[in-house]
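Please consult the sequence and the coordinates alongside the text.

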Amino acid sequence: MVALICGLILMVFAVITTTLLSIRKAKKMNENIWGPATKHFVINMSIPLAFSVFFCLKLYFKMPDLILPLSLLLYGLTLFNASKFADQVIRYFGIVMMILGLLTLFAMQYHILIWTFGFGVLHIVFGILMVQKKDNTNA
């Protein structure tokens, strides 16, 4: 139960951090943060993500071993779905997360390591790729 609460708290802080950093970057570049593309992205990201969270919460009490692979897989599907309205890097990130989710199903003994790699290391790597790509297009 503690891991579940920590995961939910981490997700809330990640969303808040992403939002604040995006707003700061948009202000710095004199861009509007809330345009049609942003609205479509948020809707296409938040709806599947909310259903995924509730599904994982329900499953947590019945089959807790499936939570980590499913969270990777469902998050990957969510990213893939929302990538139509964002940078192409997010599409690839979603595909990698889905692959990690499937890999975790077949290598359950490494589920914590794979999950940590996916939600920890890959977020940093893909975040750096997106920032570098954005900086290179603005230069």
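In which helix is the place of Thr78? In this predicted model, Thr78 belongs to helix H3.

**Thr78 and its surroundings**

Thr78 has a relative accessibility of 1% and is therefore counted as buried, the limit being under 20%. A polar atom of its side chain lies 2.9 Å from the backbone oxygen of Leu74. When residues up to four places away in sequence are not counted, Thr78 touches Asn44, Met45, Pro48, Leu49 and Ser52. Of helix H2, the buried residues are Asn44, Met45, Leu49, Ser52, Cys56, Leu59 and Tyr60.

Helix H2 runs over 36–60 and helix H4 over 88–106. The table sets out their spans, taken from the first C-alpha to the last.

| Helix | Residues | Span | Expected span at 1.5 Å a residue |
|---|---|---|---|
| H2 | 25 residues | 36 Å | 36 Å |

Pro36 is found in H2. With a relative accessibility of 61%, Pro36 counts as exposed. Pro36 and Met63 are 27 residues apart in sequence, and their C-alpha atoms are 39 Å apart in space. In H4, the buried residues are Val89, Ile90, Phe93, Gly94, Met97, Met98, Leu100, Gly101 and Thr104.

In soluble globular proteins, nonpolar side chains tend to be buried together. Here the largest nonpolar core has 15 residues, and those with the most contacts inside it are Tyr75, Leu79, Phe93, Met97, Leu100 and Leu122. At least two residues of this core come from each of helix H2 (36–60), helix H3 (67–82), helix H4 (88–106) and helix H5 (111–138). The greatest contribution to this core is that of H4, with 5 residues. Leu79, with neighbours within four places in sequence left aside, is in contact with Met45, Ile90, Phe93, Gly94 and Met97. Another core, of 8 residues, lies apart from the largest one; Leu59, Tyr60, Ile67 and Leu73 are among its members.

A pair of aromatic rings is described by the distance of the centres and the angle of the planes. The count comes to 5 aromatic pairs in this model. One of the pairs is formed by Tyr60 and Phe61, with ring centres 5.2 Å apart and planes at 85°, so the arrangement is edge-to-face, a class that requires over 60 degrees. How does burial apply to the two partners: is Tyr60 buried or exposed? At 19% relative accessibility, Tyr60 counts as buried, whereas Phe61, at 61%, counts as exposed.

The pair of Phe93 and Phe126 has ring centres 4.6 Å apart and planes at 25°, so the pair is stacked, as planes under 30 degrees apart are classed in this way. Because Phe93 lies in helix H4 and Phe126 in helix H5, the pair ties together parts that are 33 residues apart in sequence. Phe93 and Phe126 are both buried. Ring pairs also link Tyr75, Phe93, Trp115, Phe119 and Phe126 into a cluster.

**Thr104 and Pro69**

Thr104 is located in helix H4. Its relative accessible area is 0%, so Thr104 is buried. Which residues is Thr104 in contact with, leaving aside its neighbours within four places in sequence? The contacts of Thr104 are Pro69, Leu72, His111 and Ile114.

Pro69 is found in helix H3. With a relative accessible area of 2%, Pro69 is buried. Residues up to four places away in sequence not being counted, Pro69 touches Gly101, Thr104, Leu105 and Met108. The C-alpha atoms of Pro69 and Met98 are separated by 8.9 Å, although the two residues are 29 residues apart along the chain.

Methods:
Residues numbered from 1 in each chain as written. Predicted model: local features only at pLDDT ≥ 70, side-chain atom pairs only at ≥ 80, totals over all residues. Heavy atoms only, no water. Core = buried A, V, L, I, M, F, W, Y, C linked by side-chain atoms within 4.5 Å. Buried < 20%, exposed > 50% of the residue type's maximum accessible area, 1.4 Å probe, protein only. Helix = DSSP H or I, 4+ residues; strand = E, 2+ residues; numbered from the N terminus. Contact = heavy atoms within 4.5 Å. Phe/Tyr/Trp six-rings, centres within 6.5 Å; stacked < 30°, edge-to-face > 60°. Polar contact = N/O pair within 3.5 Å; in protein donor to acceptor, adjacent residues only side chain to side chain. Expected span 1.5 Å × (residues − 1).
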